[in-house]
Amino acid sequence: MELHPQAQDLLKLLKEKESVSVAELEEDRSHGEVMRPAQWLADEGLIDIEEDTVEVYALTADGEDALENGLPEEQVLEMVQGGDNTVEAVRSLGEIAGPGIGKAKEKGLIEIRDGTLHLTDAGREMLDEEHRELAELDAVQNGEDIDDEMAEVLLDRGLIQRKERTARTLTITENGKELDLRTVSDAFNVEADARDALVGRKHFAREVYDYIRRTWVEMGFKEMKGPIVVPSLLNFDALYTPQDHPARELHDTFFMEVPEDADLSVYGSSVDWIKHTHEHGWETGSTGWQYDWSEDEAARNVLRTHTTAVSAKTLHELTEDDLPAKFFSLGRNFRNETVDWKHLAEFNQSEGIVVDPDANFRHLLGYLQRFFTRLGYADVRFRPAYYPYTEMSVEIDVYDGEKQEWVGLGGAGMFRPEVVKPLVGFEVPVLAWGLGPGRIIMRKHGLTDIRDMYRNDLELLRNAQGWLK
Amino acid sequence: MAVIDVKKTDLEKMVGKELSIERLEQEGSMLGILFERSGNSPSSLDRANASSSSSTDEDNKIAVEVEPNRPDLLSAEGVARALKGFFEIETGAVDYPVTGGDVTVTVDDSVEDVRPFIACARITGLELSETALNSLIQLQEKLTETYGRKREKIAIGLHDAAPLTDDITYKAVDPAYKFIPLGHDTELSMAEILEDHEKGKEYGWIVEDFEKYPLIVDSEETVLSFPPVINGVATAVTTETTDLFLDVTGTSKREVETALNILVAAAHERGGTIESVTVDGTELPDMERETHTVDPDYVRSISGLDDLSADGMAEQLETLNYGAHGEDGELQVEVPAYRADIMHDYDIIEDVVIGYGYDNLNEHIPDIATIGAQTQERVFTDKLRELMVGAGGLEVMTFILSNRDTLFGKMDRDDSEIVTMANPLTEDYAVVRNWLLPSLMEVLGNNQHNRYPQTVFEVGLCSQLSDDTATGAEDMRKLAYAAADRDVGFSDVRSVLQSLARWLGVELRVEEADHESFTENRCGTVYVDGHEAGIIGEISDSVSENWGLEEVDVAAFELDVETLRTASE
């Protein structure tokens, strides 16, 4: 007779014990690891699988909430103890406020006078001791038995519910007892899992970056490049961001200590043109910001805060013969921020520009529509926004069909003449848009903490679902 | 972006129409204003309108998010004005008639260096409800916070005009000068205010370095304000106030006057009469609209609205509260005195398009031939990644920003000068990394709970100081590859390096070298076609321990991508 090694092991166990519950076996094996061999043995008539329906208790959603955050009355008591003792304040606990207050009153833990709640001695005592009901809820969660009286109370409060469960017991048959395991040979099981291969692969975020790059190239955009350390001139001044703008403050931008300042002479006459544009508009047709522009401030090196600094560099290097032209970039940017689940000190951004003497705002919306459709979003909508360096500025929302909601995915606009003319030397419409790939990656992989993109847990990297577009 | 709180009933009263929150959310966003219900229960129109007593404050609250270029929308009054136009209840520019007043403000030379500019106005005949008063106070706060750069550029005082004489002076005085500030019932000197008063601690830094502090005071020594810090208690505004005196001080004449105009317009919206104040010989506020002549062809070419006539443009602008007139191929635009953001025709064109509706434009993609391409560097690094993946490498992605302990200390290396930030918030991110291997060591150190063997790689940016660039810093792209297991050695990574060299078609040579991070006699400098390209070796036990990797061996190489690329060409 041929039997899979797992089935042989199980039969050996049953020869010793005669009968054993599936629940017990599952303590150190998966359900499949128990039931698959059990079924093979049953098919061979070597064991019987008996099924019984038993009643067990399980936590309700309220019960889970109570286990995590405390019982409603406890939450109320804690709030009252913390000094927030008006009925109105306690209402901020949401749905559990009503039952919490009711229960606390019923148990004599609080008194309500003139719309404020006061702890009774019993209430103070309760805060001090570990709560019995919580211990019971914990037991239910762990599948342990609880006494009937307590169960009734918890059922009444809707914290637990009755559930039916199938309990299986495996019992060896006479045939099973008689079978000599030494006469059994191994069977090969094609259905069983093998060990995971240690494959090499690209990072799951890289797959999305590559996809975005491909989309740009397919639309005729040429990749531009620029360094991460740039003078403030490129990151801010060239983008018509006044020198007292909040974005230039120390808590937003990394300024450099080494190397501290840049030599602006490589930007030629653009430096003067930018100065005059800020001060009084120069030949751009603008009033300018009307303040005294400082070249020293513009020379201060920063870590670029957006890829628009790369676009500014590209515009500066452009000549009239290059037009029309389309460029894109995708790269790392930096913000001097405290790192938390929502913020990182560095992040990737992708940006494209179209420099075309005949371009207009309708074209911009056309490009955006096409670009985001190609990225895989069927519906795209636009609304007015504000960026210091674009006028006609656009906020782009796309419809996520899977999650059925609108998501803000990027920003766009036409560069202001105050940006373009000092950099290029003449006026030409420039359409620009950008997006943060992080948003796409996090939604794809169900991440809620942005730091998880850079966690580099090798198992996670190896097992992440691929980007199949 | 600034957020203000408004009451829906208050907005409706000023707009003269019932407004559903859904309509505000949807259509408001097309005006660039985001509305969001901020109360905790859904407010039904009927309830909100039935009577103020049956609708709680919570039901009625709306949070309004305003873009920073539109400080004129930082109040319920401004938002209501914009909605009236956009919903075509009342289009065109609002007139703000100014009657001549008797009050004069003398500006003393002493303020020149401290806080040179002041603009003032009077509003009379007000009957302020608590809501209206709160709205004006909110406007004052939000204006100074955002547009006024936390009062450094602009500070605003709202005063009850009743106790004041007609003769007011703006001057700088000795910090020993005493008066009773708001929030106190005894006199404090200005120096004490900076020391002890809540507002003094918050805003004192703006003036503390000057020998004298600014003061606005009338001829009877009634103190209006110690700008930008605190007002005097004598002119405190209440719902009983019928006549307001407004002062705006700051460092930019244009912005000081625009802020005054924004306040005056809002107070006028509340039914007040505007009365002028003579400031240093000039009558303020100047609520005249500035006229711009815009070429309709320019509007059409930039917006792409090819068929829109000058008259059609004027119509759109009127829904955004401009005065506008389009005729004979010419567009005359009157810009309201409260608009702070109109610097260029582009700004007016944007408002034509917003009036027209972003959602009403037909998108069009022009047929221009351009050739798409990635940079050669990019194509090359993509190929390198493919090869590393083929060698079983798992790509990791790490931070470019780092710290000296990671780059030097934990790698047993001597500190050297590298690209360094001046103002990092945390010491974790204080420099730009100058090599990549420490990032891989960190990854391996964090992955000891996972299966071995572990082979990881990254192609990533580093930076170095350079005399050849304008900034003095230069990006470098590095390829690092590391293998970790119980028994991993030099040959395991050398074999991958050899495959790489063959694929590149370059001659590979490794010369034994000393490097603090690697084991002696198990480390070499890598040359490709005779050019130094990087380093290879077994990580020393001491470095491994620094990363908590006592149980496994690590071998690795790090190469300069640009050197590989040029050698392979």
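Me: Two strands pair if DSSP finds at least two bridges between them; with that in mind, in what order do the five strands of the open sheet in chain B stand?
Reply: The model is a predicted one, and in chain B five strands build an open sheet whose pairing is mixed. Strand 4 (98-99) and strand 7 (154-160) of chain B are its edge strands, each pairing on one side only. Read across the sheet, the order is 4-15-6-14-7.

Me: Over how many bridges do strand 7 and strand 14 of chain B pair, and in which sense?
Reply: One bridge joins B:Ile156 to its partner B:Val248 in strand 14 of chain B. Taken as a whole, strand 7 and strand 14 of chain B pair in the antiparallel sense, over seven bridges.

Me: Which helix lies across strand 6, strand 7, strand 14 and strand 15 of chain B?
Reply: Helix 6 (residues 130-145) of chain B packs on this sheet and touches strand 7 and strand 14 of chain B, its direction making about 160 degrees with that of strand 7 of chain B. The helix asked for runs at about 10 degrees to strand 6 (117-124) of chain B, and it is helix 9 (residues 253-269) of chain B.

Me: Is B:Leu246 buried or exposed?
Reply: B:Leu246 belongs to strand 14 (residues 244-250) of chain B. Leaving aside neighbours within four places in sequence, B:Leu246 is in contact with several residues, among them B:Ala119, B:Ile123, B:Leu158 and B:Leu263. Its relative accessible area is 1%, and because a residue counts as buried under 20%, B:Leu246 is buried.

Me: What distance separates the C-alpha atoms of B:Leu246 and B:Ile156?
Reply: B:Ile156 has B:Val248 as its bridge partner in strand 14 of chain B, the strand in which B:Leu246 also lies. Along the chain B:Leu246 and B:Ile156 are 90 residues apart, yet the separation of their C-alpha atoms is 7.3 Å.

Me: Which strands stand at the edges of the three-strand sheet in chain B?
Reply: This open sheet has the order 1-3-2 and antiparallel pairing. The edge strands each have a single partner strand, so one side of each is left without a neighbour in the sheet, and they are strand 1 (2-7) and strand 2 (34-37) of chain B.

Me: What angle does the direction of helix 5 of chain B make with that of strand 1 of chain B?
Reply: Strand 1 of chain B pairs with strand 3 (residues 61-66) of chain B in the antiparallel sense over six bridges. Helix 1 of chain B packs on the sheet, touching strand 1, strand 2 and strand 3 of chain B, with its direction at about 80 degrees to that of strand 1 of chain B. Helix 5 of chain B likewise packs on the sheet and touches strand 1, strand 2 and strand 3 of chain B; its direction makes with that of strand 1 of chain B an angle of about 85 degrees.

Me: How many nonpolar, polar and charged residues has the contact of helix 1 with helix 5 of chain B?
Reply: The axes of helix 1 (residues 8-15) and helix 5 (residues 76-86) of chain B come within 9 Å and cross at roughly 50 degrees, which makes helix 1 of chain B oblique to helix 5 of chain B. The residues in contact include B:Leu11 and B:Met14 of helix 1 of chain B and B:Val79 and B:Leu83 of helix 5 of chain B. By class, the contact has seven nonpolar, no polar and three charged residues.

How values were computed. Residues are numbered from 1 along each chain as its sequence is written. Chains are lettered from A and ligands numbered from 1 in the order in which they are written. This is a predicted model: local features need pLDDT of at least 70, side-chain atom pairs count only at pLDDT 80 or more; totals for chains, interfaces and linings use all residues. Side-chain values use heavy atoms; hydrogens and water are left out. Axes are lines fitted to C-alpha atoms, for helices over the stretch in contact, and angles run from 0 to 180 degrees between N-to-C directions. Helices (H or I, at least four residues) and strands (E, at least two) are DSSP runs, numbered from the N terminus. Angles under 35 degrees count as roughly parallel, over 145 as roughly antiparallel, 65 to 115 as roughly perpendicular and the rest as oblique. Contact means heavy atoms within 4.5 Å. Ala, Val, Leu, Ile, Met, Phe, Trp, Tyr, Cys and Pro count as nonpolar, Asp, Glu, Lys and Arg as charged, and the others, Gly among them, as polar. Two strands pair if DSSP finds at least two bridges between them. Buried means under 20% relative accessible area, exposed over 50%, partly exposed in between (1.4 Å probe, protein chains only).
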